[in-house]
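Biologist: I am new to this structure and would like to know what the terms used for it rest on. Could you take my questions in turn?

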Amino acid sequence: MRNQIIDNLRGICMLGVIAIHVGSSAAKTDNFTLYMFLEILSRYSIPTFFFISGYGLFLTDKAFLTGGALDYKSFIFKRLKGAGLPYIAWSILYLAYFDSYLPPGWISWGKRDLAFALWFGTCCYHLYFMVILLWFYAFYPVWRKLLKIMQNVGWKTSFVLLFIFQLAFNYASINISPTNLKMWPEFLRNMYNFRLNYVPFHYIFVFMAGGFVSLYWDECKAWLKKNFTASLAFFILAVVLDVGSCWYYKAYKGYNLEALANTFHQLSPQGLVYTIAAIIFFSACLVKLEDYECTCKLSSFVNSFIIKLSGYATLMYYCHPLLLDRLELYSKWYGIVPTSKRIIAAYFLLVLASFILSYILKQIFKHCKPLSILFTGK
């Protein structure tokens with residue numbers, strides 16, 4: 001049985017993903033507040049997608065609940081069809097799209113270059129997410145054993161230890177680099193340089209949290225209902241920590257806006273705390289909306305909007321960079337200078353255009369099963 005609250009998180013995540021990609025233009029305006037909303041406070045989105053994935057995987061793993069063995073062959077075949085095939089299809093589509101207008105030689109279709117792009121998710125800037133997701137799928141038996149260990153050790157102790165591990169691993173991955181990297185074989189050097197594009201351990205805390213919630217959803221939902229104010233307070237404190245850190249580094253250490261985004265991203269300590277707070281708070285908001293849906297017209301409208309948006313979130317994720325690229329190209333052709341108001345307008349325009357294109361694609365896929373399987377895995 002589908003969980004509408006968790007499903008609805010997809011739509012909220014999609015709004016965040018589009019904000020991140022539009023937000024890069026906000027650096028040109030030097031508008032600190034706008035940049036915080038678009039580039040910093042939207043970075044809950046990618047980790048939350050992994051939280052949703054963890055929830056979905058463990059929820060559908062009936063054998064885990066009964067202590068049975070995993071049919072890995074059947075499991076991985078299903079995931080490769082549902083995620084691997086669309087990843088390859090959209091990657092090839094984006095390569096073909098960029099090749100259609102970029103100068104000759106910018107896009108290489110050689111076997112080596114194509115394998116490199118697909119392995120590391122570099123066909124388009126948003127597709128690395130799918131590579132990490134596929135690695136999560138590939139190592140699912142490991143996460144399965146880990147969740148069982150956490151269950152036996154105790155959830156509080158386990159998540160405290162996992163949180164510490166997450167902070168330490170992210171710090172080491174981002175800040176510690178080998179001194180003899182140039183001496184490494186090319187393949188290993190690339191594996192290190194592109195580690196953020198495929199290593200699932202960067203998001204293991206939120207993924208395992210999704211697994212925990214799948215086991216105890218009724219208890220979690222009751223807690224969210226009872227502790228909405230606490231979740232709001234935690235969210236506000238996390239925002240203050242994240243934005244305050246950005247303000248301090250800009251005001252006293254001379255960081256520009258782009259440097260702030262490269263420092264206080266979702267893998268930073270501030271970003272991790274903010275992500276956890278955002279998942280809890282947005283889930284609590286969705287629970288509230290569900291409760292008030294029958295008694296408040298505004299709540300009903302907002303909840304219906306989020307449900308509709310979430311239903312198209314996957315296709316919006318895949319197709320929105322194409323629309324954003326066209327928007328940026330047209331802006332350059334017509335000499336449109338990015339301003340704060342134009343960037344805000346571009347954000348809402350991109351959300352609307354992505355939704356419309358996703359709707360059109362969904363109608364096409366309904367009448368063409370091969371295309372549907374190829375680009376959605378369904």
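Modeller: What follows is a set of questions and answers on a predicted model.

Biologist: Why is D30 called exposed?

Modeller: The relative accessible area of D30 is 51%. Exposed means over 50%, so D30 is exposed.

Biologist: Where does D30 lie, and what is its phi?

Modeller: D30 is in the loop between α1 (4–23) and α2 (32–40). Its phi is positive, about 55°, although D30 is not a glycine. Most residues other than glycine have a negative phi.

Biologist: Why is N8 called buried?

Modeller: N8 has a relative accessible area of 1%. Buried means under 20%, so N8 is buried. N8 is placed in helix α1. Apart from neighbours within four places in sequence, N8 is in contact with L286, N303, I306, I307 and S310.

Biologist: What makes L374 partly exposed?

Modeller: For L374 the relative accessible area is 35%. L374 belongs to helix α19 (residues 369–376).

Biologist: Which residues are in contact with L374, leaving aside its neighbours within four places in sequence?

Modeller: They are L85, P86 and A89. L374 and I88 are 286 residues apart along the chain, and their C-alpha atoms are separated by 8.6 Å.

Biologist: How do you know that the span of helix α13 agrees with its number of residues?

Modeller: Helix α13 (residues 228–252) has 25 residues, and at 1.5 Å a residue they should span 36 Å. The end C-alpha atoms of α13 are 35 Å apart, so the span agrees.

Biologist: Which residues of α13 are buried, and what covers them?

Modeller: S231, F235, A238, V239, D242, S245 and C246 are buried in α13. The cover includes α2, α14 (257–263) and α15. An α-helix has 3.6 residues a turn, so residues three or four places apart point the same way. After α13 comes G254, with a positive phi near 75°.

Biologist: Which residues touch the most other members of the largest nonpolar core?

Modeller: F50, F51 and M208 do, in a core of 113 residues. Helix α15 (residues 269–292) gives this core its largest share, 12 residues. Beyond its neighbours within four places in sequence, F50 is in contact with F129, I132, L133, F136, Y203, V206 and F207.

Biologist: How many cavities of 30 Å³ or more are there?

Modeller: The count is one. The largest cavity has a volume of about 60 Å³. Its lining has residues including P47, H202, Y203, Q266 and T275. Two or more lining residues come from each of α9 (155–175), α11 (204–215) and α15.

Biologist: What kinds of residue line the largest cavity?

Modeller: Six are nonpolar, five are polar and none is charged.

Biologist: What is the volume of the largest pocket, and which residues are closest to its centre?

Modeller: The largest pocket holds about 1600 Å³ of space. R2, D7, R10, T314 and K378 are the closest to its centre, out of 46 lining residues. Helix α3 (residues 45–60) gives the most to this lining, with eight residues. The lining of the largest pocket divides into 21 nonpolar, 13 polar and 12 charged residues.

Methods. Residues are numbered from 1 along each chain as its sequence is written. This is a predicted model: local features need pLDDT of at least 70, side-chain atom pairs count only at pLDDT 80 or more; totals for chains, interfaces and linings use all residues. Side-chain values use heavy atoms; hydrogens and water are left out. Helices (H or I, at least four residues) and strands (E, at least two) are DSSP runs, numbered from the N terminus. Buried means under 20% relative accessible area, exposed over 50%, partly exposed in between (1.4 Å probe, protein chains only). A nonpolar core is a set of buried Ala, Val, Leu, Ile, Met, Phe, Trp, Tyr and Cys residues joined through side-chain atoms within 4.5 Å. Contact means heavy atoms within 4.5 Å. On a 1 Å grid over the protein atoms alone, a cavity is a set of points where a 1.4 Å probe fits but cannot get out, and a pocket is an open set with protein on both sides within 12 Å along at least five of seven lines; lining residues have an atom within 4 Å of a point. Grid points are joined across faces, edges and corners, and a volume is the space filled by probe spheres set on the points. Ala, Val, Leu, Ile, Met, Phe, Trp, Tyr, Cys and Pro count as nonpolar, Asp, Glu, Lys and Arg as charged, and the others, Gly among them, as polar. The expected span of a helix is 1.5 Å times one less than its number of residues.
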